[in-house]
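Here are my notes on the model, written as numbered points. Have the structure open while you read.

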Amino acid sequence: MLAALRREGEPYTLTAGQLSQRMLVTTGAVTKRVDRLIARGLVFRSVSAADARGRVVGLSPAGVALTDRLIEEHLANEAAILRGLTDSDRKTLERLLAAMNRTLASGGSGPGGRGQDE
């Protein structure tokens, strides 16, 4: 949730419905997570600027700081994982991941389904 809000850019706000779509969870799950993050001071709820009847969830300054720190740690971890790969290995990995992404994006076969070569 923190990353989804951070990706939005300032003012780092989304509705519960938008968070639900981005996180692929129910709005009920969003509500529970928001409540826990509010208790930790990482997010807040406020009235929507676009519709006074609506509510949005936003990152607090502490939430922005935590998310930025976690992103830095994540990127450092990725770099460590890839450190042992040569440039050629990285290009091969990139090609293979792109092929997997195309398969997933096109609704490719899942478990028990037929693959492209069948």
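1. A word on exposure before anything else: buried means under 20% relative accessible area, exposed means over 50%, and partly exposed is in between, using a 1.4 Å probe and protein chains only. By that scale Arg6 counts as partly exposed, because its relative accessibility is 24%.

2. Some ground rules. This is a predicted model, in which local features need pLDDT of at least 70 and side-chain atom pairs count only at pLDDT 80 or more, while totals for chains, interfaces and linings use all residues. Residues are numbered from 1 along each chain as its sequence is written, and side-chain values use heavy atoms, with hydrogens and water left out.

3. Helices (H or I, at least four residues) and strands (E, at least two) are DSSP runs numbered from the N terminus, and two strands pair if DSSP finds at least two bridges between them. As background, strands of a sheet pair through backbone hydrogen bonds, either parallel or antiparallel.

4. How many bridges join strand 1 to strand 3? Two, and these strands run antiparallel, with strand 3 covering residues 55-59.

5. On to charges. The structure holds four salt bridges, a salt bridge being a side-chain nitrogen of Lys or Arg within 4 Å of a carboxyl oxygen of Asp or Glu. One of them joins the side chains of Asp68 and Arg6, at 2.6 Å from N to O. That pair links distant parts of the chain: Asp68 belongs to helix 4 and Arg6 to helix 1 (residues 2-7), 62 residues apart. Asp68 counts as partly exposed because its relative accessibility is 27%.

6. Another salt bridge has the side chains of Asp35 and Arg45 meeting at 2.7 Å, N to O. Here too distant parts of the chain are linked, with Asp35 in helix 3 and Arg45 in strand 2, 10 residues apart. Both ends are partly exposed: Asp35 is at 40% relative accessibility, and Arg45 has a relative accessible area of 41%.

7. Then there's Arg69 with Glu73, a salt bridge whose closest N and O atoms are 2.7 Å apart. Why are they separated by about one helical turn? Because Arg69 and Glu73 are four residues apart in helix 4. Arg69 is partly exposed at 43%, and so is Glu73 at 45% relative accessibility.

8. Is Ser20 buried or exposed? Buried, because its relative accessible area is 12%. Ser20 lies in helix 2 (residues 16-23) and touches Val25, Thr26, Thr27 and Val30, leaving aside residues up to four places away in sequence. Ala65, in helix 4 (residues 61-82), is partly exposed at 47%. Ala65 and Arg55 are 10 residues apart in sequence and 23 Å apart in space, C-alpha to C-alpha.

Conventions. Contact means heavy atoms within 4.5 Å.
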